Amino acid sequence: MVGATLQHAHNPWEGGILTAMCDEFSNLDSRGHGAKICATTMLPSWYLPFQPWRSGLEFKVLASEMPRVCGHLAVVRDRDTGRIYPDPVDGRCRIAYTPSLFDRRNALEAVLGTCKMLYVTGAEEIWLSKSDVMPFVRDTDAANEEEGVNDSAFQSWLQAVRSKGMNQPETTWGSAHQMGTCRMSSVEKKGVVDPQGKVWGTEGLYVADASVFPSASGVNPMVTNMAIADMISRGVAKGLRVEEGARV
């Protein structure tokens, strides 16, 4: 996550959420792996806990500046995977996942790109959800402003970010909107549910959420999820009416 303080108040928690996306870094290996830059929701109760903790005073200052803050996410389409396994003691589901070096590098490129976009937007301060890199504070000297993103101080800060990388545990990583675990497919061998959301080979069992996505969307799936749930539920209702009519 990349945050910035802009020059003017804009109350970022108002209006639509997740309304902008940049795919400039979404295909860094020419095979579809990379990261999309997305504007994130800016409700203070959601946004503030993701910011690195350095002191109570610094946190209070950031909270007081929320009307001028904006935030962006680097949403990575990862190439490498983790694993899900049963706990050897009690059998509960366990998840083991650490972002690979390849995927961390892709995230880093999107993060650096976001920082540059915020700089040219006029951000007065730029920071990361990362505890080992201090925020960049803009020097408003006219000579430096003419350099744009080539400003030496800004370039030095970007190099410091690059040298640190997206290492753990200093970097905050998160996962949300899991998708594609019950993939929809046109033939049984390629997925879990058919185009109507019915589980292949099973009567009366349907899936109607983000699980049926053929692959993760890379952006917030809310509207697509609503549309799929509406489509599948209408099909289920239609089928029930047909069955009821047949019985009568």
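This is a predicted model: local features need pLDDT of at least 70, side-chain atom pairs count only at pLDDT 80 or more; totals for chains, interfaces and linings use all residues.
The crossing in which α3 passes α5 is right-handed. On the α3 side, the contact is made by L108, E109, L112, C115, K116 and Y119, which meet F154, W157, L158, V161 and R162 on the α5 side. The residues of this contact of α3 with α5 divide into 8 nonpolar and 3 charged, with no polar residues.

Strand β5, covering residues 83-86, pairs in the antiparallel sense with strand β6, covering residues 93-96, and this pairing extends over 4 bridges. Within the pair, P86 stands opposite C93 in β6. The two strands, β5 and β6, form a hairpin with 6 residues between them, and in the turn G91 has a positive phi of about 80 degrees.

The loop between β7 (125-128) and β8 (136-137) contains S129. The relative accessibility of S129 is 4%, and S129 therefore counts as buried, since the cut-off for a buried residue is under 20%. When residues up to four places away in sequence are not counted, S129 touches M1, F50, P52, E170, T171 and T172.

Key
Residues are numbered from 1 along each chain as its sequence is written. Side-chain values use heavy atoms; hydrogens and water are left out. A crossing is left-handed if the near helix is turned anticlockwise from the far one by less than a right angle, and right-handed if clockwise. Contact means heavy atoms within 4.5 Å. Ala, Val, Leu, Ile, Met, Phe, Trp, Tyr, Cys and Pro count as nonpolar, Asp, Glu, Lys and Arg as charged, and the others, Gly among them, as polar. Two strands pair if DSSP finds at least two bridges between them. Buried means under 20% relative accessible area, exposed over 50%, partly exposed in between (1.4 Å probe, protein chains only).
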